[in-house]
Amino acid sequence: HVELGSKEIHFLLEQNLSPHELRAVWVLKLLIDIDNIRSIWQKQPFKHGGNYELHDLEERLFFKERLPKYILDYLEQYHETKEQIQHFPKILHQYFAYESQTTDPFLKPYLTFQWQSRLVFVALRAHDLKRNIEAELAFEDKEDPFVAELLAASREKKFDPPAPYADLKALYESKKAAPLNLYQAISEWRFSRIEEMIEWDNFSVGRILGYVAQLELCEEWLQLDKLKGLEIVEEMMEVV
């Protein structure tokens with residue numbers, strides 16, 4: 001039995017996948033890179049498993065090159081670190097808006113799930129902490145049907161997220177007093193949801209992409225488990 005981490009998997013994928021298929025893997029890992037961009041600005045621990053290691057990503061940010069156009073445009077718009085952190089949800093919004101245009105049968109629903117579940121979690125926290133949910137979702141398209149449904153639900157005294165995410169509310173309510181446990185529970189919940197998206201054909205690209213997405217969750221949890229930093233977990237749970 002040989003353990004395969006993200007580096008070993010990436011090497012095997014480079015040897016066996018087409019450029020188009022590798023692009024889908026790159027998009028998956030790009031979400032880790034984007035989270036790492038905020039970590040660099042906030043001087044928080046760096047997560048491994050993305051497309052770029054720390055020095056490489058810092059260099060790309062410094063020279064404002066070799067990154068997706070929407071990230072480079074963001075860097076041109078916001079120059080000060082404080083501003084970059086404050087408006088960070090804009091990068092996430094643009095990532096999901098742009099990359100979700102893919103026609104890949106796994107990647108498209110996966111990115112939609114990632115985007116929607118993050119928004120639901122933000123809405124749950126905002127409602128719980130009595131924050132203005134519209135302000136929390138300031139960079140989202142208010143005309144989008146899912147965003148509109150979320151905002152309409154938030155105006156009710158009892159906030160119930162859209163039906164596909166009802167179990168996320170129950171999970172949040174039961175674990176919110178223990179942030180580390182909550183983060184683990186959410187990771188397990190996402191792992192299970194990804195399993196539902198994966199094609200049953202073990203030799204399909206969808207199965208490979210699902211495995212990569214699940215591996216990211218596992219490696220991220222192991223890294224957090226070693227750090228035991230509730231403050232770090234709290235920071236990471238400020239998902240957008």
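**Exercise 1.** Within what distance do the axes of H7 and helix H10 come, and at roughly what angle do they cross?

*Solution.* This is a predicted model, in which local features need pLDDT of at least 70, side-chain atom pairs count only at pLDDT 80 or more, and totals for chains, interfaces and linings use all residues. Residues are numbered from 1 along each chain as its sequence is written, and side-chain values use heavy atoms, with hydrogens and water left out.

Helices are DSSP runs of H or I with at least four residues, numbered from the N terminus, and axes are lines fitted to C-alpha atoms over the stretch in contact, with angles from 0 to 180 degrees between N-to-C directions. The axes of H7 and H10 (residues 166-175) come within 10 Å and cross at roughly 45°. H7 is therefore oblique to H10, given that angles under 35 degrees count as roughly parallel, over 145 as roughly antiparallel, 65 to 115 as roughly perpendicular and the rest as oblique.

The contact (heavy atoms within 4.5 Å) involves Ser117, Val120, Phe121, Leu124, Arg125 and Asp128 of H7, together with Leu168, Lys169 and Tyr172 of H10.

**Exercise 2.** Describe how H6 and H7 pack, and list the residues that make their contact.

*Solution.* Begin with the geometry: H6 (residues 89-99) and H7 (residues 107-128) pack at an angle of about 150°, and their axes are 10 Å apart. H6 is therefore roughly antiparallel to H7.

Next come the residues: H6 contributes Leu92, Tyr95, Phe96 and Glu99 to the contact, while H7 contributes Leu111, Gln114, Trp115 and Arg118.

Technical notes. Helix = DSSP H or I, 4+ residues; strand = E, 2+ residues; numbered from the N terminus.
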